[in-house]
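This briefing covers one chain for a reader who has not seen it before. Please look over the sequence and the structure, then read the points below.

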Amino acid sequence: TRILYRSQNYTARETTGRAVFNVSPALAGQYFSKIECFCFTEQTLKGGETADMPVIFFVDPKIAEDPATRHIDEITLSYTFYPVES
């Protein structure tokens, strides 16, 4: 699956940072695999710039067979952006 995350720099200056992801519920994380992600590298946004950043991932179908996770019908992928000090 390919999705886009929209990121916006609300400051007037260029900002470079790195995104850290979280998958919830936590039990789903073992079945969630990112193939391509903007979080693998640092990202730079100019002041006021908005960017759509791609993520390609898949969820292993075995999630439906595991007694601990087969009840999960929704997975949330979220990101926190941390500035990189120069």
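Phe38 is buried in this predicted model, with a relative accessible area of 10%; buried means under 20% relative accessible area, exposed over 50% and partly exposed in between, with a 1.4 Å probe and protein chains only. Tyr79 is also buried, at 19%. Residues are numbered from 1 along each chain as its sequence is written. Local features need pLDDT of at least 70 and side-chain atom pairs count only at pLDDT 80 or more, while totals for chains, interfaces and linings use all residues, and side-chain values use heavy atoms, leaving out hydrogens and water.

**Aromatic rings**

- Rings of Phe, Tyr and Trp (its six-membered ring) pair if their centres lie within 6.5 Å; planes under 30 degrees apart count as stacked, over 60 as edge-to-face and the rest as tilted.
- By this rule there are four aromatic pairs.
- One of them joins Phe32 and Phe57, whose centres are 4.9 Å apart with planes at 20°, so this pair is stacked.
- Phe32 belongs to strand S3 and Phe57 to strand S5, 25 residues apart; strands (E, at least two residues) are DSSP runs, numbered from the N terminus.
- Both Phe32 and Phe57 are buried.
- Phe38 and Tyr79 make a tilted pair, 4.7 Å centre to centre with 45° between the planes.
- Because Phe38 lies in the loop between S3 and strand S4 (43–45) and Tyr79 in strand S6, their pair ties together parts 41 residues apart in sequence.
- Tyr5, Phe38 and Tyr79 form one aromatic cluster.
- The charged end of Lys34 sits over the ring of Phe21, 3.2 Å from its centre; the rule asks for NZ of Lys or CZ of Arg within 6 Å of the ring centre and within 35 degrees of the ring normal.

**Nonpolar core**

- A nonpolar core is a set of buried Ala, Val, Leu, Ile, Met, Phe, Trp, Tyr and Cys residues joined through side-chain atoms within 4.5 Å.
- The largest one has 17 residues, and Cys37, Phe38, Val55, Leu77 and Tyr79 have the most contacts inside it.
- Two or more residues come from each of S2 (15–24), S3 (32–37), S5 (50–59) and S6 (76–83).
- S5 gives the most, four residues.
- Beyond its neighbours within four places in sequence, Val55 has contacts that include Ile3, Cys37, Phe38, Leu77 and Tyr79; contact means heavy atoms within 4.5 Å.

**Strand pairing**

- S2 and S6 pair in the antiparallel sense over eight bridges; two strands pair if DSSP finds at least two bridges between them.
- Arg18 stands opposite Tyr82 in S6.
- S2 and S4 are also antiparallel, paired over three bridges, and Thr15 stands opposite Leu45 in S4.
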